[in-house]
Amino acid sequence: MVSESAASGATTELRTVWWDAGAVCLLDQTRLPHTQAIITCHTLADVAHAIKAMQVRGAPAIGITAAYGLALVAQQTVSDLPTMLAQLEAARTTLNAQRPTAVNLSWATARMLRVAQQCAAMQVEPLVLAARLLDEAHAIHAEDLAMCHAIGRHGAALIPERGHVLTHCNAGGLATAGYGTALAPIRTAHAAGRAVHVYVDETRPFLQGARLTAWELLQANIPLTLITDNMAGFMMQQGAIDCVIVGADRIVANGDVANKIGTYTLAVLAQAHQLPFYVAAPSSTIDVTLADGSQIPIEQRDPREVTHLAGQQIAPLGVVAAHPAFDITPHQLITAIITEQGVITPPFHPTLAAHAHAALAPVA
Ligand code: MRU
């Protein structure tokens, strides 16, 4: 069951996901910017639904949520070790299936399963296994926050003085443990007293830019201008944009990047206008098991999210609509990739392999 209660007042610190008294709590991102409501997930089904329905979204945030979801399963199925392992494996399959494109989800669940398997091999008490999994989920959470801050430090230097940055979707605190990836360099530059201005793509059809990034930047007092997606080319042509910074859902071995639908269009536009195009992501987003972007699974979402806006049908009844939720930006269009370990410039392959998180290897 999901219980909801309104969060009181405006917060300056973004809390996207957290563990509280044996439950996984989420700030419901489908209700922002108008309502700050907290969802309390008491079961695996609650967590899976929240991920699928995008009540929590953004690659790192869904990974953290899934990790807490597995900690929840462990606490609720304390029994003999083989049974616990089987339940955790089934839960991992369920969670991974909710959103296929962002590798952070399967990365986090693989890391949790690895810990469970290590505990089982050591024949620990079932209660110890459950406690150890909660510790690991907290570690994934804390590490993500630290990685975001490091991305901010590395990326801020790429933003020119009095720079105008275009971003797409929401790769901010809401999409992570709290500071963001694409928004991290912007936050860091702003915190250092530098003048930085953000153009925020609306990001049809789910409106992560208009609803979430705009809200988040307003909370942080960072100057912004909201534009619809189809205004980006004109803004570049007018000389209003100095660089583009986006997040990523998966970066594969050759540097191709999956990110929110519309990212590829921006990269082509940036190249046409000779503007730098940066991708910011933690190493948990790197998947060197795939050679190039053509192998990345692209989530196809309900076409209703295209034909409807805020619950209202805007397209004619019966019209056929497509809804690929992500696209692939070829590495040739990317100026640099910013991770917590530094700024990677082409050729991406050797450095990406070195940055890839050690825990990414699939669980046997
Ligand atoms: O469908 P969403 O809202 O989960 O898509 C989010 C994005 O595409 C983000 O840019 C990406 O996950 C990076 S978040 C730090």
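Tutor: A polar contact is a pair of N or O atoms within 3.5 Å. With that cut-off in hand, we may turn to the ligand. For Q208, a polar side-chain atom lies 2.8 Å from an oxygen atom of the ligand. R57 likewise places a polar side-chain atom 2.8 Å from a ligand oxygen atom. G58 takes part through its backbone: a polar atom there is 2.9 Å from an oxygen atom of the ligand.

As to confidence, the protein averages a pLDDT of 94, and 94% of the residues score at least 70. Residues 1–12 stay under 50, although the model has 30 contacts for them beyond four places in sequence. Where pLDDT is low, the predicted coordinates should not be read in detail.

The axes of helix 4 (residues 103–121) and helix 5 (residues 126–156) come within 10 Å and cross at roughly 145°, and the crossing is right-handed. Helix 4 contributes W107, A108, R111, M112, V115, A116 and C119 to the contact, while helix 5 supplies L129, R132, L133, E136, A137, A139, I140 and E143. By class, the residues of this contact comprise 11 nonpolar and four charged, with no polar ones.

Key. Residues are numbered from 1 along each chain as its sequence is written. This is a predicted model: local features need pLDDT of at least 70, side-chain atom pairs count only at pLDDT 80 or more; totals for chains, interfaces and linings use all residues. Side-chain values use heavy atoms; hydrogens and water are left out. pLDDT is the predictor's confidence in each residue, from 0 to 100. Contact means heavy atoms within 4.5 Å. Axes are lines fitted to C-alpha atoms, for helices over the stretch in contact, and angles run from 0 to 180 degrees between N-to-C directions. Helices (H or I, at least four residues) and strands (E, at least two) are DSSP runs, numbered from the N terminus. A crossing is left-handed if the near helix is turned anticlockwise from the far one by less than a right angle, and right-handed if clockwise. Ala, Val, Leu, Ile, Met, Phe, Trp, Tyr, Cys and Pro count as nonpolar, Asp, Glu, Lys and Arg as charged, and the others, Gly among them, as polar. A polar contact is a pair of N or O atoms within 3.5 Å; within protein, one must be able to donate a hydrogen and the other to accept it, and residues adjacent in sequence count only if both atoms are side-chain atoms.
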